[in-house]
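Look over the sequence and the model before reading the points below.

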Amino acid sequence: MGTIGFLELPLVSPEAQALFDEDIAEDGYVMNVSRLWAYSPPLLTGLFDLMRQATSEQNLTFRQRAILVAACASTLGDSYCSLAWGTKLAGVSDPETAAAVLRGGDEGLTDEERALAFWARKVATDPNVTTREDVDVLRSAGFSDGQIFAITTFIAFRLAFSTVNDALGVGPDIALRSKAPEAVVGAIAYGRPFA
């Protein structure tokens, strides 16, 4: 029997097969994270539903979500989500902007987007040191308290997803790396190696 990260591959249930089929339809291969989450597909579906609910109720754009994920994943040192979402961010901006966010910079971002990246990094670093002044940065950028709550819950759910994958040794897919711009790949000098 093979492994995924540090665990043995789980038996493929009908729910797990549905995850795999979705990956193949969207990406042409089964992602490593799907193989891991085959241990409990309903948990993955539920987590992603919560993330969608948090962002859709407050009208966060795809680009805003990509900035949040790239900023928090890179701060956490998660190479998998950094690669996946850095590539997505490059698609809605450019490779240099995405690489800057992954390196902890704000080049190419608007003031509003800088506030998002700042908050994502702060929450990923240590949520216990955030201050009212930090929240005021988001307010000053035009975000309502409802949006700030949604942004924070979205970051927390993304961190939970990354933590499970990283703790159990799941590295980024080689196929994912081959689709990424070189600037994005070059910005990721942390986390698990490509699997």
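Arg139 is partly exposed, because its relative accessibility of 34% lies between the 20% and 50% cut-offs. The model is a predicted one. A search of the whole structure finds eight salt bridges, and Arg139 takes part in one of them, with Asp136.

- The side chains of Asp136 and Arg139 form a salt bridge with an N to O distance of 2.7 Å.
- Asp136 and Arg139 are three residues apart in helix H8 (residues 132-140), which puts about one helical turn between them.
- Asp136 is also partly exposed, at 29% relative accessibility.

**Salt bridge between Arg177 and Glu182**
- Arg177 and Glu182 meet through their side chains in a salt bridge of 3.1 Å, N to O.
- Arg177 is partly exposed at 26% relative accessibility, whereas Glu182 is exposed at 54%.

- In the salt bridge between Arg114 and Asp111, the closest N and O atoms are 3.3 Å apart.
- Both residues lie in helix H7 (residues 111-125), three residues apart, or about one turn of the helix.
- Arg114 is partly exposed, with a relative accessible area of 32%, while Asp111 is exposed, with 61%.

**The largest pocket**
- The largest pocket has a volume of about 870 Å³.
- It is lined by 29 residues, and those closest to its centre are Glu26, Phe48, Trp85, Lys88 and Arg158.
- Elements giving two or more residues to this lining include helix H1 (14-27), helix H5 (79-92) and helix H9 (145-167).
- The lining consists of 16 nonpolar, four polar and nine charged residues.

Notes:
Residues are numbered from 1 along each chain as its sequence is written. This is a predicted model: local features need pLDDT of at least 70, side-chain atom pairs count only at pLDDT 80 or more; totals for chains, interfaces and linings use all residues. Side-chain values use heavy atoms; hydrogens and water are left out. On a 1 Å grid over the protein atoms alone, a cavity is a set of points where a 1.4 Å probe fits but cannot get out, and a pocket is an open set with protein on both sides within 12 Å along at least five of seven lines; lining residues have an atom within 4 Å of a point. Grid points are joined across faces, edges and corners, and a volume is the space filled by probe spheres set on the points. Helices (H or I, at least four residues) and strands (E, at least two) are DSSP runs, numbered from the N terminus. Ala, Val, Leu, Ile, Met, Phe, Trp, Tyr, Cys and Pro count as nonpolar, Asp, Glu, Lys and Arg as charged, and the others, Gly among them, as polar. A salt bridge is a side-chain nitrogen of Lys or Arg within 4 Å of a carboxyl oxygen of Asp or Glu. Buried means under 20% relative accessible area, exposed over 50%, partly exposed in between (1.4 Å probe, protein chains only).
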